[in-house]
Amino acid sequence: MGSKVTFEVFRFDSETEESSYQDFEMEYEDEWVILDGLNYIKGFIDGSLSHRWSCRMGVCGSCGMIVNGYPTLTCSTFIRDYLPGPIRVEPLTNFKVERDLIVNLDDFLRKLQQISPWIVRDEERAIEHGEYLQTPAELATFKQFTLCINCMLCYSACPVVSHELNFIGPAVLTLGHRYNLDSRDQGADMRLDEMLSSDGIWSCTFVGECSQVCPKHVDPAGAIQQSKVSGVMAYFKSFVMSSGSRE
Amino acid sequence: MRRPRYCMVFVREVTAIFVVAYVIVLLSLVVSVGGDPESYEAFRDFLASPGMLVFGVITLLFTLFHSVTFISLIPRGMAVWRNGKRVPASTIAGPGFVVFAAVVAVVLLVLLP
């Protein structure tokens with residue numbers, strides 16, 4: 001402990017619907033991340049501050065917030081990188097705020113389920129037949145997209161999400177693409193129906209900010225463009241197949 | 001405008017308007033070629049006016065910007081795999097730039113005296 005820094009924290013009371021910024025000055029240690037500062041505030045200055053967090057190691061994706069105007073994973077961002085401050089901490093944009101720094105995840109979870117983010121099989125193989133095997137090369141095609149931790153920073157950064165509430169969004173579309181690429185999966189056609197809908201991949205204007213803010217370098221923007229290519233290929237394939245079947 | 005990337009995408013979209021406008025000018029030129037000689041000469045004079053020259057220079061710059069950014073983005077949408085490794089972006093975008101430069105060179109050779 002030694003140097004001091006000021007946090008300007010967004011406060012919101014859902015019952016009164018009143019919002020404000022509250023300043024908290026505190027001493028910090030050099031290795032503290034933004035989340036440590038918030039935990040210090042809650043533990044020693046104002047216990048009523050509400051924020052979401054869990055693993056503190058960039059795995060659970062719970063502590064995404066807006067830090068000085070930029071979507072940030074607060075457990076992976078050092079206070080020292082924002083000195084001399086003040087450091088403004090706000091809830092993720094493009095989400096309804098529940099309280100202080102906590103946002104409502106219902107819409108995101110609904111969209112997540114909509115895309116069937118699991119391995120879909122036409123017919124499940126019996127357990128005694130063993131696992132579905134996959135080569136390292138097959139794994140490599142989608143491994144990058146498995147690294148998503150659903151922190152939703154990409155939703156906060158996406159200008160399309162801010163204007164089109166029904167847009168499925170970067171993380172969920174990336175997850176859909178991840179399963180479509182999985183050699184064990186057989187649900188691509190079903191998933192593409194959702195992904196090619198008016199709320200799907202074609203709403204993406206390829207700003208690319210989702211990939212910039214992604215703490216895991218998943219590249220959602222790239223995944224969505226690749227899905228567009230897959231969607232077009234699927235369309236022409238179905239066109240050729242239906243033409244062939246008419247003859 | 002707080003985020004430069006938002007601004008860049010906006011500028012890029014706007015450049016498409018100039019590209020479309022230039023296509024309209026070209027189509028108008030084709031129509032005037034099919035008409036009488038007087039109207040063709042009048043259209044040529046119109047194209048040589050200072051305003052159209054400025055428009056042409058701006059359109060050229062915007063078209064170059066649009067083309068370069070478009071080719072640069074191609075590798076993001078094309079995941080090509082070889083021997084279990086993703087083909088580098090430069091290998092995919094490189095031929096695009098080569099073809100683009102070749103087409104520009106051919107057009108310049110034809111147009112320039």
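Residues 24 or more positions apart account for 65% of the contacts in chain A with a separation of 6 or more, two residues being in contact if their C-beta atoms, placed from the backbone, lie within 7 Å. The model is predicted: local features need pLDDT of at least 70 and side-chain atom pairs count only at pLDDT 80 or more, while totals for chains, interfaces and linings use all residues. Residues are numbered from 1 along each chain as its sequence is written, and chains are lettered from A and ligands numbered from 1 in the order in which they are written.

For the complex, the predictor gives an ipTM of 0.71 and a pTM of 0.84. Chain B has a mean pLDDT of 87, with 97% of its residues at 70 or more; pLDDT is the predictor's confidence in each residue, from 0 to 100. Within chain B, confidence is highest in helix H4 (residues 89-111) of chain B, at a mean of 90, and lowest in strand E1 (residues 81-82) of chain B, at 86.

Chain A contains nine helices and seven strands. Helices (H or I, at least four residues) and strands (E, at least two) are DSSP runs, numbered from the N terminus. The C-alpha trace of chain A spans about 80 × 40 × 30 Å along its principal axes. Of its 247 residues, 36% count as buried. A residue is buried if 20 or more other C-beta atoms lie within 10 Å of its own, exposed if 12 or fewer, and partly exposed in between, with C-beta atoms placed from the backbone.

The domain assignment divides chain A into domain 1 (4-103) and domain 2 (106-246), with bounds that come from an automatic or database domain assignment. The C-alpha centres of domain 1 of chain A and domain 2 of chain A are 31 Å apart. Twelve residues from domain 1 of chain A and twelve residues from domain 2 of chain A take part in the contact between them. On the side of domain 1 of chain A that touches domain 2 of chain A, strand E3 (64-67) and strand E4 (70-73) of chain A each supply at least two residues. This side of domain 1 of chain A has six nonpolar, six polar and no charged residues. In this classification Ala, Val, Leu, Ile, Met, Phe, Trp, Tyr, Cys and Pro count as nonpolar, Asp, Glu, Lys and Arg as charged, and the others, Gly among them, as polar.

Helix H6 (residues 170-181) of chain A has twelve residues, which at 1.5 Å a residue should span 16 Å; the expected span is 1.5 Å times one less than the number of residues in the helix. The end C-alpha atoms of H6(A) are 16 Å apart, in agreement with that value. H6(A) is mostly covered, with twelve of its twelve residues buried. Among the buried residues of H6(A) are A:Pro170, A:Ala171, A:Arg178 and A:Leu181.

One of these residues, A:Ala171, is touched by A:Asn150, which also touches A:Gly61, when residues up to four places away in sequence are not counted. A:Asn150 is found in the loop between H3 and helix H4 (153-157) of chain A. With 19 other C-beta atoms within 10 Å, A:Asn150 is partly exposed. A:Asn150 and A:Phe239 are 89 residues apart along the chain, and their C-alpha atoms are separated by 35 Å.

Chain B comprises four helices and two strands, which run α-α-α-β-β-α from the N terminus on. The radius of gyration of chain B is 19 Å, well over the 13 Å that the globule rule gives for 113 residues, so chain B is more spread out than a compact globule. The radius is taken over C-alpha atoms, and the globule rule is 2.2 Å times the number of residues to the power 0.38. Along its principal axes the C-alpha trace of chain B extends over about 65 × 40 × 20 Å. Buried residues make up 4% of the 113 residues in chain B. Of the contacts in chain B with a separation of 6 or more, 44% are between residues 24 or more positions apart.

B:Lys85 lies in strand E2 (residues 85-86) of chain B and counts as exposed, with 10 C-beta neighbours inside 10 Å. The C-alpha atoms of B:Lys85 and B:Phe62 are separated by 35 Å, the two residues being 23 residues apart along the chain.

The contact between the chains takes 18 residues from chain A and twelve residues from chain B. On the side of chain A that touches chain B, helix H3 (136-143), helix H8 (209-213) and helix H9 (220-246) of chain A are the elements that give two or more residues. H9(A) gives the most, with six residues. By class, this side of chain A has eight nonpolar, eight polar and two charged residues.
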